[in-house]
Amino acid sequence: MEKKDVEEMVKVVLFSLPPLIRSRLENVEFVVEERPSRLDGRSPFLLGLYQGVPLPRRGRGYSFVMPDRIVLFTGNILRVAPTREAFYEKLREVVLHEIGHYLGFSEEELRDLEKRG
């Protein structure tokens, strides 16, 4: 899967979000990488990663900071979703999950929401 193809898929996912959620995405960038780095202690099996300060934890003085990052690990996603259609669906799931962290949901809360559909 080419990086530019994945970036286009991410755009499609973002444009499909409800306007209320899309409008909350400020100062966050989406980064496409092949795999997580083992040098920083990350699990080699991660599909995505949110790096930043979740919205509910930002105070009045939160300004002039580097963008939060949502990193998508395409090699790992491709391992669990090898067809283009499956890849897009899994990518969408991962993007939504990481946006959930950006919005302040814990891993447990996101898992509960995912179980409910």
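## Basis of the report

This is a predicted model, in which local features need pLDDT of at least 70 and side-chain atom pairs count only at pLDDT 80 or more, while totals for chains, interfaces and linings use all residues. Residues are numbered from 1 along each chain as its sequence is written, and side-chain values use heavy atoms, with hydrogens and water left out.

## Overall architecture

The chain has five helices and three strands. Along the sequence these elements follow the pattern α-α-β-β-β-α-α-α. Helices (H or I, at least four residues) and strands (E, at least two) are DSSP runs, numbered from the N terminus.

The radius of gyration of the chain is 14 Å, close to the 13 Å that the globule rule gives for 117 residues, so the chain is as compact as a globular protein of that length. That radius is taken over C-alpha atoms, and the globule rule is 2.2 Å times the number of residues to the power 0.38. Along the principal axes, the C-alpha atoms fill a box of roughly 45 × 35 × 30 Å.

## Burial, contacts and charge

Of the 117 residues in the chain, 33% are buried. Buried means under 20% relative accessible area, exposed over 50%, and partly exposed in between (1.4 Å probe, protein chains only). Among contacts with a separation of 6 or more, 68% are between residues 24 or more positions apart; a contact means heavy atoms within 4.5 Å.

There are 19 positive and 19 negative side chains, and the centres of the two sets lie 2 Å apart. Lys and Arg count as positive and Asp and Glu as negative, whereas His and the chain ends are not counted. The place of each charge is taken as NZ of Lys, CZ of Arg, CG of Asp or CD of Glu.

## Residues of helix 4

Leu91 is located in helix 4 and counts as buried, at 0% relative accessibility. Leaving aside residues up to four places away in sequence, Leu91 touches Val6, Met9, Val10, Leu72 and Ile77. Between Leu91 and Val13 the C-alpha distance is 8.6 Å, although the two are 78 residues apart in sequence.

Val95 also belongs to helix 4 and is buried, with 0% relative accessibility. With residues up to four places away in sequence set aside, Val95 touches Val13, Leu14, Phe30 and Leu72. Val95 and Val10 are separated by 85 residues in sequence and by 7.6 Å from C-alpha to C-alpha. Glu89, another residue of helix 4, is partly exposed at 48% relative accessibility.

## The aromatic pair

A search of the whole structure finds one aromatic pair. The rings of Tyr50 and Tyr102 have centres 6.0 Å apart and planes at 80°, so this pair is edge-to-face. Tyr50 lies in strand 2 (residues 48–51) and Tyr102 in helix 4 (residues 84–102), so the pair ties together parts that are 52 residues apart in sequence. Rings of Phe, Tyr and Trp (its six-membered ring) pair if their centres lie within 6.5 Å; planes under 30 degrees apart count as stacked, over 60 as edge-to-face and the rest as tilted.

Both partners are shielded from the surface by the burial criterion: Tyr50 is buried with a relative accessible area of 13%, and Tyr102 is buried with 0%.

## Loop residues with positive phi

Asn27 sits in the loop between helix 2 (19–24) and strand 1 (28–33). Its phi is positive, about 55°, although Asn27 is not a glycine. At 35% relative accessibility, Asn27 counts as partly exposed.

Phe64 occupies the loop between strand 2 and strand 3 (68–73). Phe64, likewise a residue other than glycine, has a positive phi near 55°. With 86% relative accessibility, Phe64 counts as exposed.
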